[in-house]
Amino acid sequence: WSFQLNRDGLDLGEAQPHVLTFWARSDAPRRISVNLWQDRHPNRFGGFTGYADLTSDWQKFDFVFRPSN
C-alpha cells in the first residue's frame, strides 16, 4: 500500500531548503520511503528520496530537502 500527502498552493522554490517533519510508528519494524513529486502535469520527480525506519514506538522524522525541476 502507499500513502500520499498533497498540499494545494504550496510553492516550493527550486534549490531552497525545506523541512518535512512527521511522527510515525508501525506494528512491525519496517522501512518506508519518503519521496517528493510534483502533483500536477507533468508529475516530475522533485529530486528527493529519504527513508524512515519505523518501530512500534512513536518517532519524529525530519527531512531537509531542496527541490529540483
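Trainee: How many positive and negative side chains does the protein chain have?
Mentor: There are 8 positive and 8 negative side chains. The centres of the two sets lie 1 Å apart. Keep in mind that this is a predicted model.

Trainee: Noted. What about secondary structure: how many helices and strands?
Mentor: The protein chain has 0 helices and 4 strands. Along the sequence the pattern reads β-β-β-β.

Trainee: And the overall dimensions, what box do the C-alpha atoms fill?
Mentor: Roughly 35 × 25 × 20 Å, along the principal axes.

Trainee: What share of the residues counts as buried?
Mentor: 20% of the 69 residues count as buried. The accessible surface of the protein chain is about 5,800 Å². Carbon and sulfur atoms account for 49% of that surface.

Trainee: Now contacts. Among those between residues at least 6 apart in sequence, what percentage joins residues at least 24 apart?
Mentor: That comes to 56% in the protein chain.

Trainee: What else does Phe22 touch, not counting residues up to four places away?
Mentor: Besides Lys60, Phe22 touches Ile32, Val34, Ala52, Gln59, Phe61 and Phe63.

Trainee: Changing topic: pockets. What volume does the largest pocket have?
Mentor: About 1,500 Å³. The lining of the largest pocket takes in 38 residues.

Trainee: Which of those lie nearest the centre?
Mentor: Leu5, Leu20, Asn35, Leu36 and Trp37.

Trainee: And which strands each supply at least two lining residues?
Mentor: Strand E1 (18-24), strand E2 (30-37) and strand E3 (45-54). E2 gives the most to the lining, with 7 residues.

Trainee: Why does Gly47 count as partly exposed?
Mentor: Because its relative accessibility is 39%. Partly exposed runs between the buried limit, under 20%, and the exposed limit, over 50%.

Trainee: How far is Gly47 from Ser33 in space?
Mentor: They are 13 Å apart, C-alpha to C-alpha. In sequence, Gly47 and Ser33 are 14 residues apart.

Trainee: One more residue. Where is Leu12 found?
Mentor: Leu12 is in the segment before E1.

Trainee: What does Leu12 touch, with residues up to four places away set aside?
Mentor: Leu12 touches His18, Leu36, Phe65 and Pro67.

Trainee: Why is Leu12 called partly exposed?
Mentor: Because its relative accessible area is 29%.

Trainee: Last one: what separates the C-alpha atoms of Leu12 and Ala28?
Mentor: A distance of 34 Å. Along the chain, Leu12 and Ala28 are 16 residues apart.

Note on methods: Residues numbered from 1 in each chain as written. Predicted model: local features only at pLDDT ≥ 70, side-chain atom pairs only at ≥ 80, totals over all residues. Heavy atoms only, no water. Buried < 20%, exposed > 50% of the residue type's maximum accessible area, 1.4 Å probe, protein only. Contact = heavy atoms within 4.5 Å. Areas by Shrake-Rupley, 256 points an atom, 1.4 Å probe, with all protein chains shown as cover. Lys, Arg positive; Asp, Glu negative; His and termini not counted. Charge placed at Lys NZ, Arg CZ, Asp CG, Glu CD. 1 Å grid on protein atoms, 1.4 Å probe; cavity = no way out; pocket = protein on both sides within 12 Å on 5 of 7 lines; lining within 4 Å. Points joined across faces, edges and corners; volume = space filled by probe spheres on them.
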